[in-house]
Amino acid sequence: MLSLFSVVFTFLALFLLIPGLFISRRLRLHFSLKNIIRFYKITASKYGDERNDERPMGEKEKRAKNRMPKHVAVILDGNRRWAEKRGLGTSDGHEAGVKRLMENAKDCFAMGTNTISLFAFSTENWERPEDEVNCLMALFKKHFKSEMPYFQRDKIKISVIGNRAKISQSLLGLIEEVEEATKSYEGKQLIIAIDYSGRFDILQACKNLATKVKDGLIQVEDIDEKAMENELMTKCSEFPNPDLLIRTSGEQRISNFFLWQSAYTELYFPNVLWPDFGEAEYLDALTWYQQRQRRFGRRV
Amino acid sequence: MAELPGQIKRMSGGIKQLLEQIFGFSRRCLFRIISMGPIPNHLAFIMDGNRRYAKKCGLEEGSGHKAGFSALMLMLQYCYELGIQYVTIYAFSIDNFRRQPEEVQSLMDLMLEKIKSLLEKESIVHQYGIRVYFIGNLALLNDQVRAAAEKVMNATAKNSRVVLLICIAYNSTDEILQAVKKSCINKYTYNIEASGSYKHEDTDSEIEAKDIENQEKKIQLVDIEENMQMSVAPNPDILIRSSGETRLSNFLLWQTGNSQLCFPAALWPEIGLRHLVWAILNFQRSHSYLEKRKKQL
């Protein structure tokens, strides 16, 4: 009786308590059974992907292989509302948002995503009050400087996309420095959209194609989806089209983020504000994504 | 005694009619109340879930789409009663051509049948004064469907009360590419004849003139937008995709940058008044916030 009890207890400790404590400490998660099971599910699917490379795959297994999103896009919405709820200023909200961003990016890469895109600043955001805009620009500068060693240590390639015309010289210099320092890394990429608008992206790609036609480099008939993808700003990435797009704060809109690229993207709208979107919420999003049946217009 | 079943039938028919009238009246009252707030000008629908509905109800293959068509007619009636001016529906995507040939053929047959029925006198098109546009790469359709579509477009050209845009053989990426190609052809074909090379030295005024000419030769935003097939309607205010899938599937990517997206879990043939009302209420909630922000600028 006692031996049975001790066996069961050892089993539980080995497989649940100790790994659970370890996982929840590492991922700053609430220590609960649900989160532990979620983590096991996600890691198992990642491990399953790697093992499946070694043997010939059936139809169902092929589908299961595509279960981890290669490219996750995030619209960071809700900083101001978060600050208002706590009686803080807008700048505190944005500060909390950026901190959360860095934490989440580290965890996302740890879970196996190749590319993460962030909608940091939209072209429409220039119309916000001047001190808010200045505060945001200052935040970008501060964090580019402070996070550079981390990017180099973890070999994360940084790309900044957007219309660079209105950005200050100092920030522009910093951006070019970070891009130059990390341009040779492969496997992990962080795309930051500053002064980006989906329509502007498509328009500048169209203009480039039109100029190429005018200069005789290509014919009108050669303009197809591949040609377009090679002109869009996401051409810096191996996976230009996001598999999963997360917009926090419950608003169900794309607000002019990736338009062309999100043709077949799964859209996820959690009701949580961005500074509250932590590891647990990201695990929820991944679990939800893995249950999606992506057909791309065909029958499964 | 033999009259009894007949009498019962007439009575139940009468009760049914009475109930329908009561429902119709209460629905119109509801719409009046909703119209107190802002009403969307343009509604877009992705009619997803017909095949799953057929499987769920144990029907045969093509009948899911038929049930979907009746649901569509119902939605159009509600939109008309609410006063929504533009309705766009995603009938057939270019990707759907990759489905099984039998399914594609049955869909084409169904569409041909329904398009032809639009030309009849009693159809809703004439009843509600709907102008119909067929948007998409019509060259990919077979000749019969294309001819019928063009006939309907011509027949309804004079209507103006409501505009119905049916996206058939449509892909948003394809639409954008066609717009770029058209802009290129428009802008540059006449320049090909006029492009002699200037061998002599350019004076200042000539350089200036050339600059202005170069600007005109460049593609602007307005060129692309003019050449988009969807330019006949403003951008959608709400996009509703049934069956709970939360993706755009290459539909109106350019136009829905700022639209409210709604993803009710009901399959398309099950969609009803409550989903429409819920979508509009959500639109009204965020619309006032967006208008307030626009006013702050």
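## A walk across the A–B interface

Start with both chains on screen: chain A and chain B bury about 4000 Å² between them, and 55% of that comes from carbon and sulfur atoms. Buried area here is the accessible area (1.4 Å probe) that two parts lose on being put together, summed over both. Before going on, note that this is a predicted model, where local features need pLDDT of at least 70, side-chain atom pairs count only at pLDDT 80 or more, and totals for chains, interfaces and linings use all residues. Residues are numbered from 1 along each chain as its sequence is written, chains are lettered from A and ligands numbered from 1 in the order in which they are written, and side-chain values use heavy atoms, with hydrogens and water left out.

Now colour chain A's side by element. Helices (H or I, at least four residues) and strands (E, at least two) are DSSP runs, numbered from the N terminus.

Stop 1: Zoom in on Glu225(B) and Arg199(A), which form a salt bridge with their closest N and O atoms 3.2 Å apart.

Stay here and select Gln255(B), in the loop between strand S5 (238-241) and strand S6 (260-262) of chain B. Leaving aside neighbours within four places in sequence, Gln255(B) is in contact with Arg199(A), and with Tyr170(B), Glu175(B), Met228(B), Met230(B), Asn235(B) and Pro236(B) in chain B. Gln255(B) is buried at 6% relative accessible area (buried is under 20%, exposed over 50%, partly exposed in between; 1.4 Å probe, protein chains only).

**Stop 2: a charged network.** Show Glu266(A), Arg292(A), Asp48(B), Arg52(B), Arg241(B), Glu245(B) and Arg247(B) together: they are linked in a network of salt bridges. One of the links is Arg52(B) to Asp48(B), with 3.5 Å between the closest N and O atoms. Arg52(B) is partly exposed at 30%, while Asp48(B) is buried at 13%.

**Stop 3: inside chain A.** Next, pick Glu132(A) and Arg80(A), a salt bridge at 3.7 Å between the closest N and O atoms. The pair links distant parts of the chain, 52 residues apart: Glu132(A) is in helix H6 (residues 130-153) and Arg80(A) in helix H4 (residues 79-85) of chain A. Glu132(A) is buried at 8%; Arg80(A) is partly exposed at 24%.

**Stop 4: chain B.** Finish with chain B, which has 10 helices and six strands. Of its 297 residues, 48% count as buried. Select helix H1 (residues 3-34) of chain B and look for Gly24(B), Arg27(B), Phe31(B) and Ile34(B), which are buried.

Key: Salt bridge = Lys/Arg side-chain N within 4 Å of Asp/Glu carboxyl O. Contact = heavy atoms within 4.5 Å.
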